[in-house]
Amino acid sequence: MGKRDYSPFGADAQRAVDRGLTAAEWYHTEVPRKVMKDLMTRTDQPAIRDTLILYGVMIACAGIGIALWPSWASLPFWLAYGVLYGSASDSRWHECGHGTAFRTPWMNDVVYQIASFMIMRNPATWRWSHARHHSETYFVGRDPEIAVMRPPDLARVMLNFFGIIDVMKFFPNLIRNALDGPTAEERTFVPESEWGKVRKVARIHLGIYAATLTLALWTHSILPLMVIGLPRMYGAWHHVMTGLLQHGGLADNVIDHRLNSRTVLMNPVSRFIYWNMNYHVEHHMFPMVPYHALPRLHETIKGDLPAPNRSILEGFREMWPAFRRQLAYEDYFIRRDLPASAKPYREDFHQFVPGMMAQASNAAE
Amino acid sequence: MPHWIDACAPGDIDAEDLIRFDHAGATHAIYHGPDGRFYATDGLCSHEHVHLADGLVMEFLIECPKHNGQFDYRTGEAKRAPVCVNLRTYPVRVEAGRVLVELP
Ligand code: FES
């Protein structure tokens with residue numbers, strides 16, 4: 001395939017459309033309707049519990065951090081607060097954006113708005129980018145949420161563990177959105193009817209940051225920024241760590257989530273922060289299943305999926321060498337074996353993608 | 001000229017569920033609402049080319065299986081992004097133990 005062009009206006013985006021990739025049907029594991037209905041059932045209770053815990057711990061940590069400020073004794077509280085602000089907000093944004101976390105729509109909407117602010121994403125724009133990410137997961141030039149492009153820019157990845165790239169991109173974009181609505185690139189996936197909302201919410205977010213900054217200058221202290229804004233940087237590492245594992249080192253331009261997504265078994269604390277998005281193949285195959293039912297979905301369909309990685313460390317041990325190989329050979333990706341009980345990978349479409357073809361024939365040798 | 005088409009038996013659809021019904025080259029969704037009544041809409045989501053039959057019925061809403069867009073299946077009204085365009089609905093009646101849908 002050679003050099004990939006990730007621009008939504010580029011040759012690869014056009015090729016994905018011309019070859020019918022964007023209209024192709026994704027592979028799904030067969031699940032009886034009754035079982036799936038049960039898995040999809042919505043309820044408020046688990047998300048209310050988790051949200052009370054999340055915001056309760058955040059308020060407590062920030063309160064103690066402020067009380068102990070500027071002593072070093074406040075550090076552990078800021079570290080905990082930062083991860084909940086700068087990482088747990090990613091999964092809350094995600095689940096509530098799907099509308100599956102709570103049964104009650106307004107609860108999804110409230111948590112979605114708060115989480116979008118914390119994770120520095122325009123809630124009106126990102127709702128649409130994420131819809132595209134699900135329709136066209138890792139189609140080069142079409143998916144606006146590709147975390148690591150090929151060849152991987154590992155310096156960028158490392159900087160983003162502290163949110164540096166994201167935040168540097170966010171503020172100029174926020175100002176552009178506040179003035180003009182979505183950028184030209186964003187207009188490729190945000191419908192025109194939503195452009196006004198993009199502008200309005202950007203102005204609100206900008207106003208909150210301006211007020212926080214003013215307070216910091218007025219009080220000659222970075223404390224207000226420790227509470228609002230900076231935790232998106234000093235607490236970003238967990239969501240970057242888990243987010244990279246979602247698709248890192250796996251295939252692009254395929255229509256089988258078993259080839260482009262990764263499920264990783266994780267410790268309970270990471271699963272709380274990440275709201276079970278470690279079951280990522282399952283989530284992409286069945287986005288209607290709420291986070292709290294994903295472990296059950298995993299048990300139901302695991303016979304049709306590649307074996308999950310058994311820990312975050314094992315996931316990184318698989319993914320990181322793949323990134324390094326992609327530095328020299330962009331078309332390289334990890335093609336995991338399926339268990340004997342699984343339906344084979346769908347190769348029919350993939351043969352149109354040169355990188356896939358080379359990889360599939362290598363595997364067959 | 002619309003016709004009443006025999007789609008299924010009432011017992012073919014669980015309460016608060018739907019089935020796919022294909023007729024004359026078009027695909028539809030038939031719903032069994034919590035009020036015991038039956039409803040029919042176009043089968044494909046108005047956002048992308050995805051059938052609603054694998055979706056989730058919650059009271060009078062159908063949630064699309066792809067991006068969780070929602071419609072009120074009684075009126076076809078789009079209720080939750082990313083769906084913006086309403087679904088077409090069709091009259092339904094139950095007669096002599098069969099669910100009939102009036103299709104163009
Ligand atoms: S295809 Fe139905 S909501 Fe996107």
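A residue is taken as buried under 20% relative accessible area, as exposed over 50% and as partly exposed in between, with a 1.4 Å probe and protein chains only. By this criterion Asn278(A) is buried, its relative accessible area being 1%. The model described here is predicted, so that local features need pLDDT of at least 70 and side-chain atom pairs count only at pLDDT 80 or more, whereas totals for chains, interfaces and linings use all residues. Residues are numbered from 1 along each chain as its sequence is written, chains are lettered from A in the order in which they are written, and side-chain values use heavy atoms, with hydrogens and water left out.

Asn278(A) is placed in the loop between helix H14 (268–274) and helix H15 (280–285) of chain A; helices (H or I, at least four residues) and strands (E, at least two) are DSSP runs, numbered from the N terminus. Contact is defined by heavy atoms within 4.5 Å. When residues up to four places away in sequence are not counted, Asn278(A) touches Arg262(A), Thr263(A), Val264(A), Leu265(A), Met266(A) and Arg271(A). Of these, Met266(A) is twelve residues from Asn278(A) in sequence, with a C-alpha to C-alpha separation of 7.1 Å. The loop between H14 and H15 of chain A also holds Asn276(A), a residue other than glycine whose phi is positive, near 65 degrees. Asn276(A) is buried as well, at 7% relative accessible area.

Ala24(B) lies in the loop between S2 and strand S3 (26–32) of chain B and is exposed, with a relative accessible area of 74%. Cis peptide bonds join Trp69(A) to Pro70(A), with omega about 5 degrees, and Ala81(B) to Pro82(B), with omega about 10 degrees. Pro70(A) belongs to the loop between H3 and H4 of chain A, and Pro82(B) to the loop between strand S8 (78–80) and strand S9 (89–90) of chain B. Most residues other than glycine have a negative phi, and most peptide bonds are trans.

The largest nonpolar core has 35 residues, of which Met58(A), Tyr81(A), Cys96(A), Ala101(A) and Phe102(A) touch the most other members. Such a core is a set of buried Ala, Val, Leu, Ile, Met, Phe, Trp, Tyr and Cys residues joined through side-chain atoms within 4.5 Å. Elements giving two or more residues to this core include helix H3 (45–68), helix H5 (105–119) and helix H9 (195–219) of chain A, while H4(A) gives the most, with eight residues. Beyond four places in sequence, the residues touched by Phe102(A) include Ala47(A), Ile48(A), Cys96(A), Met107(A) and Val111(A). Another core, of 34 residues, lies apart from the largest one and has Val148(A), Phe161(A), Leu294(A) and Leu56(B) among its members.

Asn177(A), in helix H8 of chain A, is buried at 3% relative accessible area. The side chain of Asn177(A) makes a polar contact of 3.1 Å with that of Glu186(A), a polar contact being a pair of N or O atoms within 3.5 Å, where within protein one must be able to donate a hydrogen and the other to accept it, and residues adjacent in sequence count only if both atoms are side-chain atoms.

Over all chains the structure holds 28 salt bridges, each a side-chain nitrogen of Lys or Arg within 4 Å of a carboxyl oxygen of Asp or Glu. Asp50(A) and Arg49(A) form one with closest N and O atoms 3.0 Å apart; Asp50(A) is buried at 5% relative accessibility, whereas Arg49(A) is partly exposed at 43%. Arg142(A) pairs in a salt bridge with Glu136(A) at 2.6 Å, and Glu136(A) is buried at 5%.

Between chain B and chain A, 23 residues of chain B contact 20 residues of chain A. About 1700 Å² is buried between the chains, 48% of it on carbon and sulfur atoms, where buried area is the accessible area (1.4 Å probe) that two parts lose on being put together, summed over both. Leu56(B), Lys66(B) and Arg80(B) lose the most area in chain B, together 30% of what that side buries. Five salt bridges are counted between the two chains, and Lys34(A) forms a salt bridge with Asp14(B) at a closest N to O distance of 3.0 Å.
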